[in-house]
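Reader: I have a model open and want to go through it piece by piece. Can you put it up so we are looking at the same thing?

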Amino acid sequence: MADAPQNSLEAFTWALASGVRGLESDVWMLDGDPVLSHGPPERERVAPLALAELLTRCGTDFDLSLDLKGPGTAERTVEVARSAGFDLGRLWLCAPGGASDSWRGLDPRVRLVTDLRWRDALLCPHRTLPALGAQGFDAVNLRHGRWTRSLVRQAHAAGLLAFAWDVQHAWTLRWAVSRGVDAVYSDHVPLLVGGLGAPSDPSADGR
């Protein structure tokens, strides 16, 4: 959203053309269809972008991380992605406080992401992270500055990937990468491409 209107087709197509490897958005239901919108779509001034249109116009060769908002969103999101031929192993479904057990039953390839509360990360990661891994989550999300090398190692030991969000500056990107996280979220496409390397760069290992 730093380089083009938020959740617009322009923003997503430009990001992919520039070399990022994944997209992130919030998904809501509107008239029975999943749409990409930061807030409730009926309150947006501009018509929100339909998930189906994103996949039709941008193809399917990228990871897609979606924060699910509201009941029934997971089911329709998976249906639309499957119909578009999207690799469901590259679809990451996220929700604050954890995801429903039923999400895994939608398709075994779908990846599940949950937030890691700062209190749990600080006081009891040795209990929280293995419990999340045992529940079937694939990754945990935490603000960039709260990841430490030790915490990343504990997440990996629990079979979880470590995702860092709100990476908006070069120094926060360096911090996150130096801690060993597996993915970063940012509003700034040039920061990601310049800091992590384009996909053609064999030395680049960040997403």
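Reader: Where is arginine 82 found?
Author: Arginine 82 sits in helix 3, residues 73-83. Helices here are DSSP runs of H or I with at least four residues, strands are runs of E with at least two, and both are numbered from the N terminus. This is a predicted model, in which local features need pLDDT of at least 70 and side-chain atom pairs count only at pLDDT 80 or more, while totals for chains, interfaces and linings use all residues. Residues are numbered from 1 along each chain as its sequence is written, and side-chain values use heavy atoms, with hydrogens and water left out.

Reader: Is arginine 82 buried, exposed or partly exposed?
Author: Arginine 82 counts as partly exposed, at 39% relative accessibility. The cut-offs are under 20% relative accessible area for buried and over 50% for exposed, with partly exposed in between, using a 1.4 Å probe and protein chains only.

Reader: What does arginine 82 touch?
Author: Leaving aside residues up to four places away in sequence, arginine 82 touches Leu88, Leu106 and Asp107. Contact means heavy atoms within 4.5 Å. The C-alpha atoms of arginine 82 and aspartate 107 are separated by 9.6 Å, and the two residues are 25 residues apart along the chain.

Reader: Switching to the core. How many residues has the largest nonpolar core?
Author: The largest nonpolar core has 52 residues. Such a core is a set of buried Ala, Val, Leu, Ile, Met, Phe, Trp, Tyr and Cys residues joined through side-chain atoms within 4.5 Å. Those with the most contacts inside it are Leu54, Leu64, Leu91, Leu93, Leu116, Trp147 and Val184. Apart from it lies another core of 7 residues, among them Trp92, Cys94, Ala139 and Phe163.

Reader: Take leucine 54. What does it touch?
Author: With residues up to four places away in sequence not counted, leucine 54 touches Phe12, Leu23, Leu36, Leu49, Gly59 and Leu64. Leucine 54 lies in helix 2, residues 51-58, and is buried, with a relative accessible area of 0%. Phenylalanine 12 is 42 residues apart from leucine 54 along the chain, and their C-alpha atoms are separated by 8.1 Å.

Reader: Helix 6 next. Which residues are buried there?
Author: In helix 6, residues 125-134, the buried ones are Pro125, Thr128, Leu129 and Leu132. They cover an arc of only 90° around the axis, which puts them on the same side of helix 6; the arc is that of the directions from the helix axis to the C-beta atoms. On the other side of helix 6, Arg127 and Ala134 are exposed.

Reader: What covers the buried residues?
Author: The cover includes strand 6 (111-115), helix 5 (118-123), strand 7 (139-143) and helix 7 (149-157). After helix 6 comes glycine 136, with a positive phi near 100°.

Reader: Which residues are buried in helix 8?
Author: Thr172, Leu173, Ala176 and Arg179 are buried in helix 8. Seen down the axis, the buried residues of helix 8 fall within an arc of 135°, so they line one face of the helix. Trp171 and Arg174 are exposed on the other side of helix 8. The buried residues of helix 8 pack against helix 7, strand 8, strand 9 (183-184) and helix 9 (189-196).

Reader: What about aspartate 166, where is its place?
Author: Aspartate 166 is in the loop between strand 8 (161-165) and helix 8 (170-179). Aspartate 166 has a positive phi of about 65° although it is not a glycine, and is partly exposed, with a relative accessible area of 23%.

Reader: Asparagine 7, buried or exposed?
Author: Asparagine 7 counts as buried, at 14% relative accessibility. Asparagine 7 is in the segment before helix 1 (9-18), and has a positive phi of about 60° although it is not a glycine.
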